[in-house]
Amino acid sequence: MKILILNGPNLNMLGLREPDIYGSQTYDDLVAFVQQSAQELNLQVDVRQSNHEGELVTWIQQARGTADAIVINPAAYTHTSVAILDALLAVNLPAVEVHLSNVHAREEFRRVSYCAMACKQVVAGQGIQGYRAAMEYLLTNQ
Ligand code: CA2
């Protein structure tokens, strides 16, 4: 099983600020953890990060025919992007949304997710472990 793992804006800044909310691990640590987990679960992963909404949309479109599922942390675009929602609906691949923090217990605007409308599951508040939980979910719900 091939999973495209997408990360949205500012996640490349992980570990540099707000460790109380997002943890002290860096984006490189996140990638290493995801790759290690994928190896253990016998999955193939392609892990990417972009600060640009259109680039994320293009990568989702390209997943059609090249990936079996998508794990996405759309970061701030979670709460604003109909374009990412539409791309996920268009490719119609099983998708899981991940958030490092518990978005349900933060500001009101973080409780709204457009992307979740196209996802089978939302994992929030588990830090980088949430990416592994999302991969496990997709493995057992193919
Ligand atoms: O909890 C999550 O994973 C979020 O997707 C992270 C986004 C935030 O906008 C979402 O509401 C929840 C923010 C990612 C930026 O992360 C930072 C990293 C270092 C310093 C500041 C922000």
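**The largest pocket**

The tour opens at the largest pocket, which holds about 440 Å³ of space. The structure on display is a predicted model. To bring the pocket into view, select Pro 9, Asn 10, Leu 11, Glu 18 and Tyr 22, which lie nearest its centre among the 19 residues that line the pocket. Colouring the lining by residue class gives 9 nonpolar, 6 polar and 4 charged residues. Such a space can be located in a simple way: a probe the size of a water molecule, rolled over the atoms, shows where empty space is left.

Select Met 13 next. Met 13 belongs to the loop between strand S1 (2–7) and helix H1 (19–22). Is Met 13 buried, partly exposed or exposed? Its relative accessibility is 44%, so Met 13 counts as partly exposed.

**Gln 49 and its contacts**

Move to strand S2 (residues 44–49), where Gln 49 is found. Display its side chain together with the backbone of Gly 8: the side chain of Gln 49 reaches the backbone oxygen of Gly 8 at 3.1 Å. Then show Asn 51, whose side chain is joined to that of Gln 49 by a polar contact of 2.9 Å.

**The ligand**

Select the ligand and the residues around it. There are 17 of these residues, and Asn 73, His 79, Leu 100, Ser 101 and Arg 110 come nearest.

**Salt bridges**

Which of the two partners is buried, and which is partly exposed? Arg 110 has a relative accessible area of 19%, and therefore counts as buried, the cut-off being under 20%. Glu 107, with a relative accessible area of 36%, is partly exposed.

How many salt bridges does the structure hold? The structure holds 6. Another of them is found by selecting Arg 48 and Asp 46, whose side chains meet at 2.8 Å, N to O. Arg 48 is partly exposed at 26% relative accessibility, and Asp 46 is partly exposed as well, with a relative accessible area of 32%.

For the last stop, select Glu 40 and Arg 132. Their side chains meet in a salt bridge of 2.6 Å, N to O. Glu 40 lies in helix H2 (residues 27–41) and Arg 132 in helix H5 (residues 129–140), so this pair ties together parts that are 92 residues apart in sequence. Glu 40 has a relative accessible area of 48% and is partly exposed.

Terms used: Residues are numbered from 1 along each chain as its sequence is written. This is a predicted model: local features need pLDDT of at least 70, side-chain atom pairs count only at pLDDT 80 or more; totals for chains, interfaces and linings use all residues. Side-chain values use heavy atoms; hydrogens and water are left out. A salt bridge is a side-chain nitrogen of Lys or Arg within 4 Å of a carboxyl oxygen of Asp or Glu. Helices (H or I, at least four residues) and strands (E, at least two) are DSSP runs, numbered from the N terminus. Buried means under 20% relative accessible area, exposed over 50%, partly exposed in between (1.4 Å probe, protein chains only). On a 1 Å grid over the protein atoms alone, a cavity is a set of points where a 1.4 Å probe fits but cannot get out, and a pocket is an open set with protein on both sides within 12 Å along at least five of seven lines; lining residues have an atom within 4 Å of a point. Grid points are joined across faces, edges and corners, and a volume is the space filled by probe spheres set on the points. Ala, Val, Leu, Ile, Met, Phe, Trp, Tyr, Cys and Pro count as nonpolar, Asp, Glu, Lys and Arg as charged, and the others, Gly among them, as polar. A residue is near a molecule or strand if one of its heavy atoms lies within 4 Å of it. A polar contact is a pair of N or O atoms within 3.5 Å; within protein, one must be able to donate a hydrogen and the other to accept it, and residues adjacent in sequence count only if both atoms are side-chain atoms.
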